[in-house]
Amino acid sequence: MVGMTAPAPTRLITAEEFLHMPESRGAELVDGRIVEKHRGVTIEPMTAPAPTRLITAEEFLHMPENRGAELVDGRIVEKYMGNESSWLGSEILILIGVYVRERMLGRVFGSDNGVAIWPSRPGKVRKPDVTFVARGKMPGDVPVKGWQTVVPDLVVEVVSPGDEAEDLETKLTDYREAGVPLIWVVFPGTRSAQVLTQTQRLDVRSDGALDGGEVLPGFSLSLGELFKGLEG
């Protein structure tokens, strides 16, 4: 994944800063910029590296770079999803969506939905592959125009080939810290899954099922049936 930051303006150097910089040797400070002196000839001007400016969730919302990307600690991180993972995510979205709609249980969102559910961390926006929010939690029970700020009841992440284990763990920790009660992680490569709650982490084998529990009462997703769609 590739990190991106918003371009920061060049910062001019003060005389006091220049005094303590190793670049001051054999150089002058002209209008806040370091100019090297070599035998009376002015060489290429140099400037001090400007500090990287981190992006906020609000800024990220209006940037074209937010498509297919997340915001992690103020930096844009591309979210790559392979064809296989994308199909699985879509299947899970459809199955949960139909179940929820028939019973009027709430709202279900796909992988383009950004959640900004960390009030003390304004530089974070995650995009789960599937998000479910129970009825009565969203104002008026209607989607908002910006990022979702209501903590979901269920998020689903389908692991792609390019996903790093460390990045996945960080993402799962983010969801737990935000208070998401149920998290499903699907691993296409091993035809397995994991279920995370606030207190437990359970492995689910290919012959098992993902249970909605108290979040989606009566809902069960057979991994065997789900992964059949990947067989030739």
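Predicted model: local features only at pLDDT ≥ 70, side-chain atom pairs only at ≥ 80, totals over all residues.

Which element gives the most to the lining of the second largest pocket? That's β13, with three residues. Residues are numbered from 1 along each chain as its sequence is written, and side-chain values use heavy atoms, leaving out hydrogens and water.

The pocket comes out at about 180 Å³, and 14 residues line it, with L182, V195, T197, D211 and G213 nearest its centre. β12 (201-204) and β13 (209-211) are the elements giving two or more residues to that lining. Strands here are DSSP runs (E, at least two residues), and helices are runs of H or I with at least four, numbered from the N terminus. A pocket is an open set of points on a 1 Å grid over the protein atoms alone where a 1.4 Å probe fits, with protein on both sides within 12 Å along at least five of seven lines; lining residues have an atom within 4 Å of a point. Volume is the space filled by probe spheres set on the points, joined across faces, edges and corners.

| Lining class | Residues |
|---|---|
| nonpolar (Ala, Val, Leu, Ile, Met, Phe, Trp, Tyr, Cys, Pro) | eight |
| polar (the others, Gly among them) | four |
| charged (Asp, Glu, Lys, Arg) | two |

Now for the sheet. Six strands form an open sheet in the order β7-β8-β9-β10-β11-β12, with mixed pairing; strands pair if DSSP finds at least two bridges between them. β7 (106-109) and β12 each have a single partner strand, so one side of each has no neighbour in the sheet. β11 (residues 192-196) and β12 run antiparallel, joined by four bridges, and V195 has L202 as its bridge partner in β12.
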